[in-house]
Amino acid sequence: MTLTENPLASTEATRTFDSLDPTTGDVVGTHPIHTDEEVRAAVERAREAGRWWSALSYDERDTHLSAWKGVITRRLAQLADLMHRETGKPHGDATLEASLAIDHLAWAAGNAGKVLKRRKVASGLVMANQAATVEYPPLGVVGVIGPWNYPVFTPMGSIAYALAAGNAVVFKPSEYTPGVGEWLAQTFLETVGHPVLQVVTGFGETGAALCHAGVDKVAFTGSTATGKRVMAACAETLTPVVIEAGGKDAVIVDQDADIDAAADASLWGACSNAGQTCTGVERVYVHERVYDEFVAALLEKAKGLRADDSPGSHLGPITMPKQLDVIRSHIQDALDRGGRALIGGVDAVGERFVQPTVLVDVPEDSLAVQEETFGPTVTIAKVRDMEEAIARTNATRYGLGSTVFAKEHGMEIAGRIRSGMTAVNGVITFAAIPSLPFGGVGDSGFGRIHGPDGLKEFTYPKAIARQRFKPMLALTTFTRTEKADQQLAQLITMLHGRGTTIPKGPQAPQGGLNRRRRRRG
Ligand code: NDP
């Protein structure tokens with residue numbers, strides 16, 4: 001987005017912009033538009049502070065990060081209020097989001113040493129005279145580019161893990177949530193006393209500048225389209241990237257599922273945060289035997305949901321005004337192509353708020369089934385069996401999260417869905433388990449935050465082979481003898497020469513997801 005196009009931008013001469021409350025349009029705060037030079041300077045400051053930070057032990061960094069965690073926790077209400085004002089999300093949702101981020105910070109700080117410190121690995125018979133170790137040093141300075149929909153939880157998935165691994169971080173928050181980004185950097189500085197975490201604010205150009213500013217990795221979270229631009233910019237300097245992009249997550253409901261729980265989870269997954277969740281539920285595939293029961297249960301629960309600015313409202317406004325057009329166009333396209341809205345519809349899209357919308361009979365190649373809607377809408381489709389549910393779930397270019405409600409075949413179905421994460425008999429639960437990796441495949445991106453994989457993402461593997469004693473077989477020398485070659489050949493034959501026998505004949509019959517149905521029918 002250019003400065004002139006951006007409704008939040010003030011004139012370039014003032015070099016500031018306002019963040020606005022999406023419910024009222026009120027100004028929440030005024031922030032600098034950082035230029036290329038200023039972003040470079042921030043990276044240099046971070047590099048300097050990072051020298052001190054990376055020289056600390058894991059325990060020392062844990063102490064600092066735990067102190068920061070304490071400050072965030074004690075000021076949770078203040079942070080949640082700022083999140084509420086910048087995104088419009090209800091206070092309760094903001095508190096939940098920040099609480100989960102705090103839990104991740106605690107896990108990353110407490111586990112970094114265990115995951116990343118030097119450890120011995122087997123050196124093998126051929127190299128038995130060597131001691132082999134691997135460790136994971138930090139990369140240096142990590143640039144984190146974040147979205148507005150979860151302005152604390154999402155960037156902290158990169159920030160907390162990158163810091164715990166020993167990196168410095170320069171964070172570019174979304175233009176819609178700069179205040180939250182500044183709050184995080186200020187509380188860090190206040191607690192730790194060194195500018196290891198810096199924030200730069202502005203629009204897309206500031207994010208682009210961060211890609212060119214000499215960082216050692218970019219952790220990007222945002223749309224797939226911007227992710228491609230970030231990757232192209234980083235390619236020029238061979239700067240590695242993590243791309244956490246959009247999704248089109250599905251729920252699969254099998255015939256033996258707890259229908260009430262499945263309906264509750266599908267509705268919450270579709271409508272919480274006004275549907276503006278990367279792992280939000282946008283599609284549901286339900287076994288034909290329980291379809292009517294499921295739809296009735298979901299509609300009953302949806303009755304009480306409203307999006308407005310009253311204090312008890314479950315759904316806030318659509319944070320980014322231009323998203324309203326996308327949501328409207330997806331609903332319109334579904335209806336034009338034979339779909340029906342059981343609640344909501346095109347009229348559900350207001351000037352700031354979108355009411356929950358449940359669509360059925362929507363063709364699989366329509367926008368509402370294939371493209372990320374990012375609003376409180378969901379399509380529900382009837383399927384013959386779980387094979388069809390899996391096939392349809394996997395038939396999008398995205399592969400972020402997914403959900404299965406089933407008793408007998410839950411794990412089996414989960415294992416066949418092409419997505420980075422799956423919740424069984426729950427929804428988005430994987431995001432709140434710090435030891436699980438978070439990320440997608442396909443157009444949802446690559447690389448991982450959270451868990452041991454998320455710590456390693458911000459490091460590089462460092463292998464060391466140390467000679468313990470002179471080798472029986474000297475291999476890496478021009479003085480290697482013919483006898484040594486023969487002895488090596490004998491050793492390799494002894495170790496690997498026998499091979500394995502591949503069984504012949506017909507394959508054993510496969511188990512099937514329709515077993516239960518066949519037994520019944
Ligand atoms: P955008 O892609 O519009 O923006 C993401 C960030 O990139 C913002 O900080 C933005 O700055 C910045 N940016 C924009 N242009 C560039 C550029 N050329 N170079 C570098 N940075 C740039 O996404 P949204 O903020 O609208 O976020 C919503 C998207 O994020 C959805 O698709 C959602 O699915 C996805 N998402 C993915 C998650 C995941 O973990 N997989 C989690 C949360 C959201 P500015 O805002 O100032 O333009």
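Which side chain has an N or O atom 2.7 Å from an oxygen atom of the ligand?

Reply: This is a predicted model, in which local features need pLDDT of at least 70, side-chain atom pairs count only at pLDDT 80 or more, and totals for chains, interfaces and linings use all residues. Residues are numbered from 1 along each chain as its sequence is written, and side-chain values use heavy atoms, without hydrogens and water. The side chain is that of threonine 226, with an N or O atom 2.7 Å from a ligand oxygen; this is a polar contact (a pair of N or O atoms within 3.5 Å). On the backbone, a polar atom of alanine 245 is 2.7 Å from a ligand nitrogen, and an N or O atom of alanine 208 lies 3.4 Å from a nitrogen of the ligand. The protein buries 92% of the 900 Å² that the ligand exposes when taken alone (Shrake-Rupley method, 1.4 Å probe). The shell around the ligand draws at least three residues from each of domain 1 (3-245 + 452-456) and domain 2 (249-434), with bounds from an automatic or database domain assignment.

Conventions: A polar contact is a pair of N or O atoms within 3.5 Å; within protein, one must be able to donate a hydrogen and the other to accept it, and residues adjacent in sequence count only if both atoms are side-chain atoms.
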